[in-house]
Amino acid sequence: MSEATGIAEKADLGGTTRRRNAGWLRWLGYAVGAAVLIYLPFVLAERAIFGWRLTNMQLLNVGLAQMNLTLIAIMGAVSLNYLTGCAGLVSIGHAAFFAVGAMAAAATGVQLGLPFAAALVAAVIAGALAGVLAGLPSLRVRGLYFVLSTMALHFIVVFLFSEYQYAAHNVIGITFPEADFFGFALNSSLRWYFFLLPIVVVVCILFRNTLKRREGRAMLAMRDNELAASSAGIDVRVLRLKAFALSSAIAALAGALQAYFLTTVSTELYSLNLAIQFIAMIIIGGMGSVAGGVVGALFWLLIPSVLSGFAAEFSGAGHPIAKIIVESRPQVVNLIFGVLVALILIFAPAGIVGGARTLRRWIAARFARERRS
Amino acid sequence: MLPQFIVTGLTIGSIYGLVALGFAVIYKATHVFNFAQGMLMVCGAYLAFTATSQLALPFPLALLFVLVAAATLGVVIQFLFIRPLSGQPLLPVIMITIAVSIILKALIEIIYGVSPRPLSTPLPSGVLIIGSVRLSLLHVTAAVTSWVCMIGFFAFFRFTKLGLLMRATADSHEAAILSGVSVHRINAVAWAIGTTLAVIGGVFLGQMQLASVELEHIGLLALPAVVIGGLQSIPGAIFGGLLVGLIEQLASGYISPKARDIFIYIPLLLLLLVRPWGVFGTKEQGRV
């Protein structure tokens with residue numbers, strides 16, 4: 001797949017006029033995107049667009065708090081996609097880094113009473129350190145054995161978290177104070193949204209730029225063929241640890257933000273299931289690109305709310321399927337996700353983003369042929 | 001206390017060994033690392049519930065029902081999910097087994113509800129007291145059944161034609177195809193066997209506790225068991241199962257039930273660093 005994109009990019013280098021055009025269009029796209037992202041929370045909060053009232057269903061039953069959780073999940077998915085999709089290190093221990101971030105934030109922000117910003121910095125540092133530790137087995141074991149080492153790591157971190165929670169806090173969980181970012185009190189969903197959005201954008205740009213630089217290219221080479229990459233002079237060991245450190249630092253940051261947003265977190269949150277959810281997100285979205293992580297996380301958080309919206313709509317009519325959905329909604333959601341992941345793995349291994357790219361290229365080829373004839 | 005823990009650990013460990021054996025069979029034949037093994041075990045407990053409580057079948061028929069349903073389930077999973085992905089890299093294959101386990105869990109919870117169900121199979125339930133050791137007859141039956149299954153499987157693998165074909169396929173897919181072996185059919189058989197072994201383990205664990213999706217966590221202990229023993233090795237899987245059962249009983253008896261995972265996964269991590277191919281396994285060579 002990476003080879004194909006490489007060729008497509010090379011082919012693009014020829015058409016300079018088209019490129020200039022595309023650049024102008026691209027900036028317009030960015031501006032529209034930014035405007036939508038800035039206006040979106042007001043739509044969701046007031047349930048209206050430019051004064052037009054919208055029904056719950058027209059808004060896909062999505063609330064602002066859910067949007068914030070999605071933003072946090074995007075950070076998790078994008079960082080896992082960097083590690084798994086780009087560096088080729090399959091990890092089912094991503095939830096553990098969320099736990100590490102929450103633990104670091106609890107130790108600094110709750111126990112020591114340091115400000116929110118300091119707790120976030122602590123989470124990033126703790127995450128990077130934990131990431132290097134977690135990456136150490138990757139120097140020795142490959143493939144399946146490495147997957148298992150991340151799973152072992154997950155259970156060890158969750159054990160440490162529960163010990164820490166019971167020793168330093170209470171059985172219910174760790175309670176976080178209201179976050180206050182240099183005087184900007186995060187006391188409403190709207191404020192959280194405008195705090196999280198820039199962070200997510202910066203994180204996405206960070207990963208995107210890293211991938212375009214020499215190191216990112218080296219990492220893709222390492223993923224595709226490790227022996228070839230190392231014989232081309234790439235130190236795969238250092239590269240692996242760096243990828244791990246960056247990915248888990250961002251995951252820990254997301255974990256700390258999630259903990260502050262939820263105000264109370266306990267050890268049950270960081271189950272193996274959470275780690276599996278992140279893997280499912282990047283598979284649905286598409287492996288090996290930043291957009292894949294974003295799309296996957298959006299899908300993952302939108303489907304449950306859309307489904308419950310539909311169920312509420314139909315349950316009045318007494319439809320038998322609606323009855324099943326209302327009675328066991330989380331199970332139906334899981335069923336849909338399980339089937340969706342299986343279908344994507346079998347029929348569209350590049351995920352939604354990969355599928356969209358193939359479609360776009362196909363349409364472009366179609367147009368080019370018509371223009372020629 | 002020590003002999004008690006050892007005896008309980010070994011009997012429970014026999015069940016893990018059985019589940020781990022099912023896992024190793026699937027891995028050896030199809031090179032699929034099956035994360036759904038824990039959920040297949042849960043299916044066993046619920047199949048037993050359907051057979052004995054819902055259909056109220058007599059015990060021999062119920063047993064037949066469970067075994068046939070298990071083998072069918074394995075073949076269906078292989079046909080629908082595993083076959084389309086044969087020859088794919090590691091992550092898609094692992095992920096599809098995870099997807100299978102998510103689907104099975106959702107289906108079980110939709111069909112049976114989320115609350116655990118008690119099993120009422122006529123398996124023996126008394127207690128034997130030998131010296132200071134209390135031995136539940138159910139545990140003994142479980143251990144004996146596990147060992148009979150393991151020996152039966154061994155004989156099958158060693159002495160039958162199908163077993164020979166399976167060994168040949170595990171050895172080299174290409175060579176087996178060239179010799180006219182239908183690899184897909186052999187893989188289906190491997191999935192049927194692996195699922196059946198997991199399901200038998202699930203029936204016993206469901207009887208010891210309750211039939212619930214929480215059993216999956218116990219079923220997942222088959223993963224460290226099989227890796228400690230060595231992924232490619234069938235005696236290794238049984239050894240790993242016994243070891244995990246022992247560690248679990250000793251850790252939860254002497255330290256705390258919560259410490260169980262730690263004492264299983266830290267040795268696993270260390271073993272992966274020192275000898276990733278397991279105690280009984282053979283080293284895999286990397287090739288360009």
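B:Cys43 counts as buried at 9% relative accessibility, where buried means under 20% relative accessible area, exposed over 50% and partly exposed in between (1.4 Å probe, protein chains only). B:Cys43 is in no disulfide, and the nearest cysteine sulfur, that of B:Cys149, is 18 Å away; a disulfide is a pair of cysteine sulfur atoms within 2.5 Å. This is a predicted model, in which local features need pLDDT of at least 70 and side-chain atom pairs count only at pLDDT 80 or more, while totals for chains, interfaces and linings use all residues. Residues are numbered from 1 along each chain as its sequence is written, chains are lettered from A and ligands numbered from 1 in the order in which they are written, and side-chain values use heavy atoms, with hydrogens and water left out.

**Cysteines**
- Over all chains, the structure holds zero disulfides.
- A:Cys204 is likewise in no disulfide, with the nearest cysteine sulfur, that of A:Cys86, 12 Å away.
- A:Cys204 is buried, its relative accessible area being 15%.

**Chain A as a whole**
- Chain A has 15 helices and six strands, which are DSSP runs numbered from the N terminus (helices: H or I, at least four residues; strands: E, at least two).
- Of the 373 residues in chain A, 49% are buried.
- Among the contacts in chain A with a separation of 6 or more, 75% come from residues 24 or more positions apart, a contact being heavy atoms within 4.5 Å.
- Chain A has an accessible surface of about 18100 Å², and 66% of that surface belongs to carbon and sulfur atoms; such areas come from the Shrake-Rupley method with a 1.4 Å probe, and for residues only the protein chains shown count as cover.

- B:Gln249 is placed in helix 11 of chain B, which covers residues 234-254.
- With a relative accessible area of 15%, B:Gln249 is buried.
- When neighbours within four places in sequence are left aside, B:Gln249 is in contact with B:Phe5, B:Thr8, B:Gly9 and B:Ile12.

**Positive phi in two loops of chain B**
- Most residues other than glycine have a negative phi.
- B:His31, although not a glycine, has a positive phi of about 55 degrees, and it lies in the loop between helix 1 (2-30) and helix 2 (37-54) of chain B.
- B:His31 counts as partly exposed, at 41% relative accessibility.
- B:Ala56 also has a positive phi, near 50 degrees, and its place is the loop between helix 2 and helix 3 (59-82) of chain B.
- B:Ala56 counts as exposed, at 55% relative accessibility.
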